[in-house]
Amino acid sequence: FWAYMIRAGGTLGDPNKLGAVAAFWTVGAIVLGRRVGGPAAIAAACTVMLLGIAGVWLSGSRTGLAALLVSLAIAAFETLRAWRTGPARERVSGTRVVAIAGGVVVVAILLIVALRFSNTHTIVARGTLGYLPFIGDRGIATSVNELLWERFGYGPAALEMIKEHPIDGVGIGMFHNVVHDFATLRGYTGDDEIPTDNAQMWLRHQLAELGIAGSLPLLWWCVLLGYLLFAPQRNGDRFAVRLLRGVVIGFGVASTFGVPGQSMAVVITFWAFVFWLLIERNGDAPGPAMLSSWTRGASIAALLLIAIHAGATVVDARGDLWPRNRSMRFGWFYKYGMSEPEPDPGGNPVQRRWTIMPKSLAVVPINGKVLKFVAWIDHPDGDERPVKATIRVDGKLVFDGEIRRSAPLFMDIPAPPGKSHLILETEIDRLWAPRDYGMPDRRALGLSIRDWVWE
C-alpha cells in the first residue's frame with residue numbers, strides 16, 4: 001500500500017509511524033546530545049536533527065509535519081530565551097556556535113541536494129503546503145475544515161457515532177469496523193466510499209469509541225499531564241525540560257490531525273519522552289498526592305461511572321451495534337459458520353452453501369413472499385446414522401428432526417410481515433471431513449443449503 005503511494009516507510013514499514021517517531025527525535029536528539037556533552041555529541045545531535053527533518057519530509061506524514069513544526073518552533077524560542085537570559089549564554093562560546101552552525105549548514109545542504117532527487121512522494125508532493133496559511137491555495141477556512149473537521153469523511157462518520165452512542169461509544173477498537181456504516185449516513189457511498197481507517201483526530205476517535213463516560217478518565221489524565229508540563233520547576237535542567245515539553249506539545253498538536261498513537265512504536269516513544277521529562281526534572285513530579293484509600297464519595301462516583309458505561313455497552317451491543325442488526329440497517333450480508341456460495345456438483349444452476357460449524361447464522365434479504373428452503377447432507381454414513389438438525393427463523397423453531405443423505409429437507413418459509421430480512425439459524429449434531437475419505441477438501445462440513453430462492 002505504501003509502495004503504491006510512493007511514500008517512504010522506513011524500518012517501521014509505515015510512513016506515518018516514521019514521521020511521528022522522526023518528529024519526536026528531531027528535537028529529542030538535541031536534549032540527548034546536551035546530556036551526553038562534548039562538541040562531538042552536540043554535532044552528532046544536530047546531524048540527527050536534520051536527518052529527522054528529512055525523515056518527516058520523505059514520509060509525507062502530515063501529522064509528523066505538524067509535530068515537527070511545533071516542536072522546532074518551541075525549541076527555537078526556548079534556545080533564544082536561554083541564550084539571552086539564562087546561564088546557557090555563558091557556557092556557549094562564539095567559536096563553538098560558529099562551528100556547530102557551520103556543520104549544520106553543510107549537512108543541510110547535502111540533505112537538500114539529496115532530497116531533490118528523491119523518488120518518493122514527499123510532503124510537498126502530497127500537496128501539504130497547500131494547507132499553509134497565506135501561501136496555500138485552499139484558504140484558511142477550507143484548510144481548517146478539511147484538516148480538522150471533514151478529514152475525507154472520517155470526521156462526519158465519527159460525529160454520527162458520537163451522536164448515536166454518546167454515553168458508551170461504539171466500543172474500544174471498533175471504529176475501524178463500523179466507520180463504513182456510519183459514513184453512509186453522511187452520504188459517503190458509491191464512488192465516495194471511504195476505506196477503513198481511524199477518526200483522523202485522537203480525541204474524536206476516543207469519544208467515538210468510548211463515549212463521554214468512558215473518556216472521562218483519559219481526559220482527567222490529560223489534565224494531569226498538562227499540569228506536569230507547565231508546573232513550576234524547582235530543580236533539574238530547565239532548558240532540557242522545556243525542549244522535551246515542546247516535543248510532547250507537538251505530539252499533542254499532531255494528534256488533532258490524526259491518531260499517531262495507534263501505533264505501538266509511537267506509544268512506546270511517547271511514554272519514553274514523558275518519563276524522560278520526569279528524569280530531567282530530577283524526579284520533581286508535581287501533582288496531587290496518591291490516595292492512600294478511596295473516600296466513600298470517590299468510590300461511589302467510580303462505581304456509578306463504571307455501571308453507566310457497562311450498562312449502556314450491554315444495551316448497544318445487543319441493539320444497534322449487534323452485527324446482525326447492523327447488517328440489516330446498512331444493507332450488507334452477514335453470516336457466520338457458513339461458507340460462500342459455490343457451484344452445485346449436481347448441475348443445479350442455483351448455487352449452494354455449506355455450514356462449516358455446528359451452529360451457523362445468516363441474515364437473509366427478503367425478496368419475495370416465501371423462501372423455498374432446501375437442505376441436505378453429504379455425510380457418507382448419512383443414511384445409517386442420520387444427522388440431528390434444528391432450524392430457526394427469527395428465533396422461532398421451524399424444524400427439529402433428523403436428515404438422511406437420501407432424503408433432502410424441503411420447506412416453505414413465509415417471509416415475516418413488515419420486515420426486510422429474516423435471520424436463519426441452523427444447528428447440527430455432527431460434521432464430516434472429506435479429507436477422511438480421501439478427498440482434497442480440508443474443511444469440516446455440515447448441512448448443504450441451496451442458495452436463497454424466493455417466490
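**Close-up views of a predicted model**

**View 1. Surroundings of R326.** R326 touches N177, V178, D181, D320, L321, G331 and W332, leaving out residues up to four places away in sequence; a contact means heavy atoms within 4.5 Å. The residue lies in helix α13. R326 has a relative accessible area of 8% and is therefore buried (buried is under 20% relative accessible area, exposed over 50%, partly exposed in between, with a 1.4 Å probe and protein chains only). This is a predicted model, in which local features need pLDDT of at least 70 and side-chain atom pairs count only at pLDDT 80 or more, while totals for chains, interfaces and linings use all residues. Residues are numbered from 1 along each chain as its sequence is written, and side-chain values use heavy atoms, with hydrogens and water left out.

**View 2. The whole chain.** The chain contains 13 helices and 9 strands; these are DSSP runs numbered from the N terminus, with helices being H or I of at least four residues and strands being E of at least two. Of the 455 residues, 41% are buried. Counting contacts between residues at least 6 apart in sequence, 70% join residues at least 24 apart. The accessible surface is about 24300 Å², and carbon and sulfur atoms account for 64% of that; areas come from the Shrake-Rupley method with a 1.4 Å probe, and for residues only the protein chains shown count as cover.

View 3. Two strands are taken to pair if DSSP finds at least two bridges between them. Strand β3 (residues 359-365) and strand β8 (residues 421-428) are joined in the antiparallel sense by 7 bridges, and L361 stands opposite E425 in β8. Of the 7 residues of β3, 5 are buried, leaving the strand mostly covered.

**View 4. The helix pair α10 and α11.** The axes of helix α10 (residues 238-254) and helix α11 (residues 264-280) come within 9 Å and cross at roughly 155°. α10 is therefore roughly antiparallel to α11 (under 35 degrees counts as roughly parallel, over 145 as roughly antiparallel, 65 to 115 as roughly perpendicular and the rest as oblique). Axes are lines fitted to C-alpha atoms, for helices over the stretch in contact, and angles run from 0 to 180 degrees between N-to-C directions. The crossing is left-handed, meaning that the near helix is turned anticlockwise from the far one by less than a right angle; clockwise would be right-handed. Residues of α10 in contact with α11 include V241, L244, V248 and F251. Among those on the α11 side are F270, F273 and W276.

**View 5. The loop around E193.** E193 belongs to the loop between α8 (175-184) and α9 (202-230). Its relative accessibility is 44%, so E193 counts as partly exposed. Apart from neighbours within four places in sequence, E193 contacts H180 and Y188. E193 and H180 are 13 residues apart along the chain, and their C-alpha atoms are separated by 7.4 Å.
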